[in-house]
Each structure stands twice: as C-alpha cells, then as structure tokens.
Amino acid sequence: MTDAAAIDRFLEMMAAERGASRNTLAAYRRDLEQAAASMSGAIETAGVADLRQLMAGYQSLATSSAARKLSALRQFYAFLLDEGDRADNPALDIARPTTRRPLPRVLTHDHVEHLFAQAEQEAAGEAPPAAAVRMLLLLELLYGSGLRASELVSLPRRAIAGEHEFLIIRGKGDKERLVPLSDRARRVLARWMPLIAEGAIWLFPSGRSHISRVRLFQMLRDLAARAGVDPTAVSPHVLRHAFATHLLEGGADLRALQLMLGHADIATTEIYTHVDSRRLVELVNRRHPLARMADVDALAPSS
C-alpha cells in the first residue's frame, strides 16, 4: 500500500467514525503528507528511529506545531494497528514536545464597563442608528455568552430558540450546543430584529452574507478607542476570555463553563482558573462550609 493510500484510508476513518471537520482532516493530511515526504522509506512501515529523526527536523517549529504533528502520527499509527497493518505504534515511544499554554489576556471589569457605557450611549434614544444597536448586541453576545467570533458573525436568525432564552450554536466539529441568552441581550435583540431586512438569513447580515470576523475585530477596536480603552487590548477573543474569567470569579462551575464555551476537553477550560492567591483565600472564606460555622475563637473555652 502506498503512503497516499494509507493516509486516505486513515482520513476516511476520521471523517466517518469520528466526525472530524474538513479543517481537521486538511490539517491531518498536510502533516502526514509532509512526514511521508521527509522519510526515506514508507510512512506506513516507519520505525521509532525514523520518527525520532523526523521529529528532530521539527525543532525549528513552534512547540505547539511539533506537538500537533506528533499527535497526527500517533493517531495514524493507532489506526494502522487497529486495522492489523502494523503490530505496534512507534509514535508512542516519541516524547511529546512540552507546551506551556499562555495565559489569556483579560479585560478588567472597568474596561468592560467603559465599552458597554459607550455602546449603550450610542444606541440610546428612540431612533438610534442600526449600526449602534448592532454593535451593542454584538458586545452583549461576546461578553454575555462567550461566543467565538466565527460563531457570532455566522449566527442564522433561526439560531434563536424558544422565547429567546437560548442561542443554538454550531461550534467546532459541527457540534451544537445551547448558550443562555441574558436578559440584557434579549432586550437588545428585541430592538435589533425589526432592523434586519425582511428575508435575511443571518442575524448580522452584510451584503450577500454576514459580517466577517475581520470586520467584527475592527468594529470592536473602533468602539474601544471611542470608549477610552486601549484598542490593542480589545478583540473578540479577549472578550470571550473575559466572559469565562469573570464568570469563574463570580463562583461559576467549571463544568458549566466548559459546556457554554463549547470546549471538548475540560483541560482547555481549566486555563481560566488562573486566579490570584488573594482571591483563592477570599473564596474559601466565603464559600467553604466552614465559613458558615461558628467562629473558632468563639468556641474556645474561656480561661
């Protein structure tokens, strides 16, 4: 079997059995075809020594990129092992490049308040510009629901379920999830819906499609500048980080946050637990069952 045939079979399995998205399949194909081209022999029969030499050539890459390429190889050889085409998985003997996930940039509560104050001021009045109402709703959904930029701009009108209490989001891997819609967002949504052209498919239409992620990024930075917030500190992703971090600070459950963010692995959500030691002490003193018990000093016997 040729390298191309082995890779094709693997990708067919990933699509049919695991529901991998087109972007994921394209990334696997690219990584495996590059690996095959770098090997002296067939990728299907490569051994541990071949893979170590291959990974040594990836030292100039970012750690995350090298780790992704090794992950593709591990899954590829696991597939060949399951199919009986190999007796081992040589990629398991290769140490995974260590990665340190950077802490996300987060806006302070004051910064968020300045953004909302500016957006609300511009959307105030009986007949505000449609663009101002749209900007306020975009801000409400980014910070109030934690949507990814791509999920937000591509929201169809039919994404609004029931009495507008939830949004139906189609996220990564075409997986659907329900995201709560705040009372504030519902009020702005009620103002925005009549302003959408009749028959529009998208919640945020633009021309023949919807607004782009680039346009959303520009609009947020323009709003930040008008609100007196450093525009370079504001982006759709930063607002998503702020949503997650501020919810955790308020005592939200990590599992609930994982569902709202649409993370497949809770380890991804755990990055938002980067709270300072002072707040951890406050959290224990306020939330722990012992905090509701009588003061220890009051229970001590008098001398």
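Trainee: At what angle do helix α2 and helix α4 pack?

Mentor: Keep in mind that this is a predicted model. In it, α2 (residues 22-38) and α4 (residues 63-82) pack at an angle of about 85°, and their axes are 9 Å apart. Angles from 65 to 115 degrees count as roughly perpendicular, so α2 and α4 are roughly perpendicular to each other.

Trainee: Which residues make the contact there?

Mentor: From α2 you get Tyr-28, Asp-31, Leu-32, Gln-34 and Ala-35. α4 brings Arg-68, Lys-69, Ala-72, Leu-73, Gln-75 and Phe-76. By class, that contact of α2 with α4 has 6 nonpolar, 2 polar and 3 charged residues.

Trainee: OK, what about α10 and α11, how far apart are their axes?

Mentor: Those axes are 10 Å apart, and α10 (residues 236-249) packs against α11 (residues 254-261) at about 160°. That angle makes α10 roughly antiparallel to α11. The crossing of α10 past α11 is right-handed.

Trainee: And who's touching whom?

Mentor: Arg-240, Phe-243, Ala-244, Leu-247 and Leu-248 of α10 meet Leu-254, Leu-257, Met-260 and Leu-261 of α11. The contact of α10 with α11 divides into 8 nonpolar, no polar and 1 charged.

Trainee: Switching topic: what's the volume of the second largest pocket?

Mentor: About 200 Å³. Its lining residues include Glu-151, Arg-158, Ile-168 and Trp-202.

Trainee: Which strand gives the most to that lining?

Mentor: Strand β2 (residues 166-170), with 3 residues. The lining of the second largest pocket splits into 7 nonpolar, 1 polar and 4 charged residues.

Conventions:
Residues are numbered from 1 along each chain as its sequence is written. This is a predicted model: local features need pLDDT of at least 70, side-chain atom pairs count only at pLDDT 80 or more; totals for chains, interfaces and linings use all residues. Side-chain values use heavy atoms; hydrogens and water are left out. On a 1 Å grid over the protein atoms alone, a cavity is a set of points where a 1.4 Å probe fits but cannot get out, and a pocket is an open set with protein on both sides within 12 Å along at least five of seven lines; lining residues have an atom within 4 Å of a point. Grid points are joined across faces, edges and corners, and a volume is the space filled by probe spheres set on the points. Helices (H or I, at least four residues) and strands (E, at least two) are DSSP runs, numbered from the N terminus. Ala, Val, Leu, Ile, Met, Phe, Trp, Tyr, Cys and Pro count as nonpolar, Asp, Glu, Lys and Arg as charged, and the others, Gly among them, as polar. Axes are lines fitted to C-alpha atoms, for helices over the stretch in contact, and angles run from 0 to 180 degrees between N-to-C directions. Angles under 35 degrees count as roughly parallel, over 145 as roughly antiparallel, 65 to 115 as roughly perpendicular and the rest as oblique. A crossing is left-handed if the near helix is turned anticlockwise from the far one by less than a right angle, and right-handed if clockwise. Contact means heavy atoms within 4.5 Å.
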